[in-house]
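Welcome! Have a look at the sequence and the fold below, and then let us walk through some of the details together.

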Amino acid sequence: GGGGLGRCTAGLPVWEVEVAVKLFRASATVSDGDPAHEVEASGAVSHPNMIRVMGRLPPPHLGLVQELLTNHSELGQPPDFASCTRDTYPAGTAFTPGVAMQVLRGVASALAQLHRDGYTHGDMYAHNIMLGPNGIPKLGDFGATFGYRGTAVEAEPFERIEVRAFGGLAEELGARVSATAVVGCDGGTAGTGGAGSAQLPDSGVGGGGAVGNWAGTGEEATVRGALSRLAARCMGPISGRPSFEEIVRELNVGM
């Protein structure tokens with residue numbers, strides 16, 4: 001695939017693990033940011049809910065060696081002229097309460113780690129989150145990432161701006177929560193059960209947390225309401241927005 005910074009292709013196995021190789025274009029020709037910032041962040045930050053970086057390629061062919069994600073799909077699709085700054089979703093897309101909570105908990109945890117290490121993602125959209133058949137999210141596309149530690153600007157505003165973007169994600173998923181959702185690995189829609197579709201688990205995967213609190217409860221309206229309130233706080237006045245650490249704690253106790 002390709003993007004604003006470069007092109008990603010499947011590579012030869014490394015340590016018997018299939019990999020993807022992301023090669024960057026020259027920094028003067030990219031649209032999102034400086035490729036050097038993505039390479040820097042990749043060496044400084046690691047989290048289970050981020051696409052894992054296994055190595056870096058030096059100039060003149062600057063690039064990254066990443067884990068190859070199979071049977072994953074983009075959580076959402078890029079904005080269009082109608083939505084402008086909000087991601088779009090195929091008609092009928094829906095998520096079970098547990099999967100919606102699991103996605104938000106994983107992404108919030110990854111962003112909390114990123115900001116603890118002094119970086120901002122800068123492009124936090126659903127289309128930059130890969131969703132696996134087990135419902136576990138992987139945050140990727142760090143082309144707009146930059147580090148702010150050691151700058152003259154206070155760190156908190158950078159995080160609060162990114163919290164605003166996370167609020168949009170919470171609102172989008174909350175509006176698509178359905179207790180009977182069926183979501184395919186290809187971004188399939190609710191109610192489809194054909195080829196390429198799979199019933200995602202309605203419980204936490206990988207241990208712990210509040211995601212399992214919603215499993216099997218049918219509390220569709222409760223989760224919708226909780227995510228609507230969280231989104232409102234995240235997108236409200238900047239002084240009242242929670243930190244990602246606070247968001248993670250709320251999601252872990254079921255809000």
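Strand β7 (residues 129-131) is joined to β8 by three bridges, and the two run antiparallel. One of these pairings can be picked out by residue: M130 has K138 in β8 as its bridge partner. Strands count as paired if DSSP finds at least two bridges between them. As for the names, helices (H or I, at least four residues) and strands (E, at least two) are DSSP runs, numbered from the N terminus.

β7 and β8 belong to an open sheet of three strands, in the order β5-β7-β8, with antiparallel pairing. Why is one side of β5 and of β8 left without a neighbour in the sheet? β5 (73-74) and β8 (137-139) stand at the edges and each has a single partner strand, so one side of each has no neighbour there.

## About the model

This is a predicted model, in which local features need pLDDT of at least 70 and side-chain atom pairs count only at pLDDT 80 or more, while totals for chains, interfaces and linings use all residues. Residues are numbered from 1 along each chain as its sequence is written, and side-chain values use heavy atoms, with hydrogens and water left out.

## The overall picture

The protein has five helices and 11 strands. Of its 255 residues, 44% count as buried. Here buried means under 20% relative accessible area, exposed means over 50%, and partly exposed lies in between (1.4 Å probe, protein chains only).

Contacts are heavy atoms within 4.5 Å. Among the contacts in the protein with a separation of 6 or more, 70% come from residues 24 or more positions apart.

## Strand β4 and its partners

Let us turn to β4, where five of its five residues are buried. Strand β2 (residues 17-24) pairs with β4 in the antiparallel sense over five bridges, and L23 has G63 in β4 as its bridge partner. Strand β3 (residues 53-57) is also antiparallel to β4 (residues 63-67), and four bridges join them. Here G55 has V65 in β4 as its bridge partner.

β3 and β4 form a hairpin with five residues between them. P60 is found in the loop between these two strands, and the peptide bond from P59 to P60 is cis, with omega near 10°.

## Backbone angles to look for

Most residues other than glycine have a negative phi, and most peptide bonds are trans. With that in mind, which loop holds N71? N71 is found in the loop between β4 and β5. Its phi is positive, near 60°, in a residue other than glycine. N71 is exposed, with a relative accessible area of 55%.

D141 also has a positive phi, of about 50°, although it is not a glycine. D141 lies in the loop between β8 and β9 (146-147) and is partly exposed, with a relative accessible area of 30%.

## Helix α2

Helix α2 (residues 97-116) has 20 residues, and at 1.5 Å a residue it should span 28 Å. The expected span is 1.5 Å times one less than the number of residues. The end C-alpha atoms of α2 are 28 Å apart, which agrees.

α2 is mostly covered, with 17 of its 20 residues buried. After α2 comes G118, whose phi is positive, near 85°.

Is E172 buried or exposed? E172 counts as buried because its relative accessibility is 9%. E172 has its place in helix α3 (residues 156-174). Leaving out residues up to four places away in sequence, E172 touches R86, D87, Y89 and A126. The side chains of E172 and Y89 are joined by a polar contact of 2.6 Å. A polar contact is a pair of N or O atoms within 3.5 Å; within protein, one must be able to donate a hydrogen and the other to accept it, and residues adjacent in sequence count only if both atoms are side-chain atoms.

The second largest pocket has a volume of about 360 Å³. It is lined by 18 residues, of which M124, Y125, I161, R164 and A165 are the closest to its centre. α3 gives the most to this lining, with eight residues. On a 1 Å grid over the protein atoms alone, a pocket is an open set of points where a 1.4 Å probe fits, with protein on both sides within 12 Å along at least five of seven lines; lining residues have an atom within 4 Å of a point. Grid points are joined across faces, edges and corners, and the volume is the space filled by probe spheres set on the points.
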